[in-house]
Amino acid sequence: MSESFVFYQGKIVKEDDVKISVRSKAFNYGLGVFEGIRAYWDDENEQLYGFKLKEHYDRLKQSAKTVNLEFDLTVDELIQGTVDLLKANNCRTTTYVRPIVYNDALDIGPTLDGKDAKVVIYTQPLNKYAGKPELSVGVTSWKRISNNQLPPRTKATAAYMNSALAALETKRAGFDEAIFLTDGDHVCEGSGENIFMFKKGKLVTPPPSDNILEGITRDLVMKLAKEEMGLEVEERSISRSELYVADEVFFSGTAMEVTPIVEVDHREIGTGHEGEVCKQIKSLFFGLTLGQNPKYAESCTPVYDK
């Protein structure tokens, strides 16, 4: 196996040189925040594009501020560090980038004093996260965390126990993925993805007030639907049973990208196959991940010098 590098505390270092103590608060209490970023490989031009780097690092900074994890690196420094890391690891396939800001203090107690925050970024190859082109999903009995429990708009490491429990339950029940409901029984999101419903010519997605993560891919899907397809897009609460009679349902997310849902709680959605709206949005999405659409060129950061 070739040597792997990470970005750690502002420098590119060997991955094996980074150690986290068993006493670390990040390990003991999950005191950290993270991001998930993709870099897309263009085989024809032998170029790798970091996708929406600025948006992801803006959100990382916001997440860290919300939970009082302080660190000095700027968004521009994080972007440059990511580019340098992808080069150091000679990434020449579509790659997942994972930045983490964590509390590395060693004293007992789940305190968030901010002064011990550290930053590490690692990479790994990742093609299709969903594992299949069309998904069957089930509503989990686990409720989505609410804003006054652990802010859903932050990508907090501790919050993903909620996601893991939901995914475990629904996968054991034979589904591919979970859908959360809020305490008010509104549709929220998947275990790690935002959700969209298409019905009566309108694209609908839950609002931030329904405890969703305000997804970067979600924002892009809404923009593509409105500006490129001329669709009406509405952010509003969705009931569970509305999904059953929707024309189309699909997930969006950095890892999940744009993936159709063809069954919810054993109810067939639409034709039982990917719908035309999802298909068109997916085509537009992948058309701009490699810098092929001049209108969205700023979304793509080339890694290798040409």
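Because the model is predicted, local features are described only at pLDDT of at least 70 and side-chain atom pairs only at pLDDT 80 or more, whereas totals for chains, interfaces and linings use all residues. Residues are numbered from 1 along each chain as its sequence is written, and side-chain values use heavy atoms, with hydrogens and water left out.

**The two domains**

Begin by colouring residues 5–125 and 135–286 separately, since these are domain 1 and domain 2 of the protein chain, with bounds that come from an automatic or database domain assignment. Taken over C-alpha atoms, the centres of the two domains are separated by 26 Å. To see where they meet, select the residues in contact (heavy atoms within 4.5 Å): 19 residues of domain 1 touch 18 residues of domain 2.

**The cores**

Next, select V33, L48, Y57, L78 and V101, which have the most contacts inside the largest nonpolar core, a set of 31 residues. A nonpolar core here is a set of buried Ala, Val, Leu, Ile, Met, Phe, Trp, Tyr and Cys residues joined through side-chain atoms within 4.5 Å, where buried means under 20% relative accessible area, exposed over 50% and partly exposed in between, with a 1.4 Å probe and protein chains only. Two or more residues of this core come from each of β4 (37–42), α2 (53–66), α3 (75–88), β6 (95–103) and β7 (117–125); helices (H or I, at least four residues) and strands (E, at least two) are DSSP runs numbered from the N terminus. Helix α3 gives the largest share, six residues. Because domain 1 and domain 2 both contribute residues, this core lies between them.

Centre the view on L78 and show its surroundings: apart from residues up to four places away in sequence, L78 touches F7, Y57, L60, F71, L73, V119 and I121. A second, separate core has 23 residues, including L203, V221, L231 and I281.

**Aromatic rings**

Which residues form one aromatic cluster? Display Y40, F51, F285 and F286 to see it. The structure holds six aromatic pairs, counted for rings of Phe, Tyr and Trp (its six-membered ring) with centres within 6.5 Å, and called stacked when the planes are under 30 degrees apart, edge-to-face when over 60 and tilted for the rest.

One of these pairs joins W41 and Y304, edge-to-face at 6.5 Å centre to centre with 85° between the planes. This pair links distant parts of the chain, with W41 in strand β4 and Y304 in the segment after β17 (300–302), 263 residues apart.

Turn to helix α7 (residues 276–288), whose 13 residues reach 19 Å from first C-alpha to last, close to the 18 Å expected at 1.5 Å a residue. Its buried residues are V277, C278, I281, F285 and L288. They lie on the same side of α7, because they cover an arc of only 105° around the axis.

Helix α4 (residues 160–172) buries N162, S163, A166, A167 and T170. These span an arc of only 125°, which puts them on the same side of α4; in both helices the arc is that of the directions from the helix axis to the C-beta atoms. The buried residues of α4 pack against β8 (135–143) and β9 (177–181), and the face turned away from them carries the exposed residues M161 and R172.

**A strand residue and the positive phi angles**

Now select M197 in strand β11 (residues 194–199), buried at 1% relative accessibility. Its C-alpha atom is separated by 4.5 Å from that of V249, 52 residues apart along the chain.

Finish with the backbone. Most residues other than glycine have a negative phi. E46, in the loop between β4 and β5 (47–51), has a positive phi near 50°. K52, in the loop between β5 and α2, has a positive phi of about 55° and is buried at 12%. Just after α4, G174 takes a positive phi of about 100°.

How values were computed
The expected span of a helix is 1.5 Å times one less than its number of residues.
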